[in-house]
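Dear colleague,

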Amino acid sequence: MKVADRHFRTIWLNADGRSIDIIDQRWLPHDFRIATLTTVDEVATAIRDMWVRGAPLIGVTAAYGVAIQMRSDPSERALDAAWDKLHATRPTAINLRWALDAMRSALRPLPAPERAAAAYRLAAGIADEDVMLNREIGENGLALIREIASRKAPGEPVNILTHCNAGWLATVDYGTATAPIYLAVEQGIPVHVYVDETRPRNQGAQLTAWEMAGHGVPHTLIVDNAGGHLMQRGAVDLVIVGTDRVTANGDVCNKIGTYLKALAAHDNGVPFYVALPSPTIDWTISDGMTIPIEERSADEVSLVWGKTASGEITQVRISPDTSPAGNPAFDVTPARLVTGLITERGVAKASTEGLRALFPDRAV
Ligand code: MRU
């Protein structure tokens with residue numbers, strides 16, 4: 001998508017054919033910085049410390065991490081070590097394991113001298129595929145928005161609530177939850193987006209709001225607890241969120257707070273959709289409660305990043321120095337609360353049968 005009229009993806013290979021550049025998301029929305037990653041350790045740090053984040057982008061970044069490792073040591077031992085190191089960075093998003101498995105299973109049978117070149121080709125392929133899948137998710141989600149718009153008075157916007165950042169910054173381009181929104185805007189369908197701030201790291205306030213502003217999408221930033229109230233008042237037509245892992249029975253794991261939005265949507269008859277590319281489906285488990293939930297640093301709850309009046313980007317403490325904090329980063333929304341799963345192949349029912357019907361070739 002565009003940043004100040006220039007098209008950017010979130011990650012790209014540099015002209016040296018070895019290192020990668022990423023948009024360093026820690027500084028947004030206040031500063032647009034690009035970081036260069038040249039070693040597998042740097043790639044692991046960038047994922048763990050959330051310079052890059054969002055399930056699809058984590059997977060693509062890890063794939064490039066393997067490629068970088070293969071350039072310096074293409075042995076099978078180094079391949080396994082890169083898999084382990086990168087896999088240990090973040091536990092919840094299944095795209096990470098999916099991308100690492102895809103890399104390892106394709107590279108292992110190759111003679112060592114061929115692995116580096118093949119790894120860069122594979123990583124680029126995974127990145128391009130992500131863009132394509134998101135475009136298709138966009139088309140399939142657009143049909144839902146268009147249908148709601150057709151029941152409204154001319155010019156009246158479709159009000160969409162989203163949580164966290166499942167936008168282009170969470171993917172290589174377009175985003176998952178935001179892809180239908182960008183297409184709707186492109187096609188002149190009036191939309192308005194309620195952006196949950198998404199405590200503790202504020203991905204909504206810092207990233208989704210920045211994306212919406214950058215692409216002229218009418219939006220309103222709200223505190224996480226406002227969603228239920230707005231739904232009761234009929235101000236929300238549709239919820240669309242992303243996900244870090246969907247189980248084979250349609251349970252949805254996503255950023256902490258998603259479950260509460262799904263409960264509020266259910267209670268108020270508001271459709272609750274989840275947008276995802278198929279690499280986000282974990283076909284090996286059928287119960288969302290077995291997904292490992294990342295527990296992050298308590299500092300993310302007690303300290304908040306922001307920009308001071310003098311322009312300095314800094315952290316401030318918002319709680320007593322001695323109060324302990326807990327920080328589970330994701331929650332699970334049971335399939336029964338999900339209206340549908342917007343995938344690249346169409347909209348599936350959130351159920352074993354629904355997913356199998358769309359992906360008969362993938363189900364295990
Ligand atoms: O902790 P994050 O910022 O990586 O969490 C991101 C989310 O929860 C997104 O909603 C999810 O990865 C979907 S991204 C298309």
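**Aromatic contacts and a helix pair**

At 28% relative accessibility, Phe32 counts as partly exposed, that is, between the limits for buried (under 20% relative accessible area) and exposed (over 50%), with a 1.4 Å probe and protein chains only. Phe8, at 6%, counts as buried.

Please note that this is a predicted model, in which local features need pLDDT of at least 70 and side-chain atom pairs count only at pLDDT 80 or more, while totals for chains, interfaces and linings use all residues. Residues are numbered from 1 along each chain as its sequence is written, and side-chain values use heavy atoms, with hydrogens and water left out.

Six aromatic pairs turn up in a search of the whole structure, where rings of Phe, Tyr and Trp (its six-membered ring) pair if their centres lie within 6.5 Å, and planes under 30 degrees apart are stacked, over 60 edge-to-face and the rest tilted. One of these joins Phe8 and Phe32 edge-to-face, at 5.0 Å centre to centre with 70° between the planes. Ring pairs also link Phe8, Trp12, Phe32, Trp168 and Trp210 into a cluster.

The axes of helix H4 (residues 94–107) and helix H5 (residues 112–150) come within 10 Å and cross at roughly 145°; helices are DSSP runs (H or I, at least four residues) numbered from the N terminus, and axes are lines fitted to C-alpha atoms over the stretch in contact, with angles from 0 to 180 degrees between N-to-C directions.

Best regards

Technical notes: Helix = DSSP H or I, 4+ residues; strand = E, 2+ residues; numbered from the N terminus.
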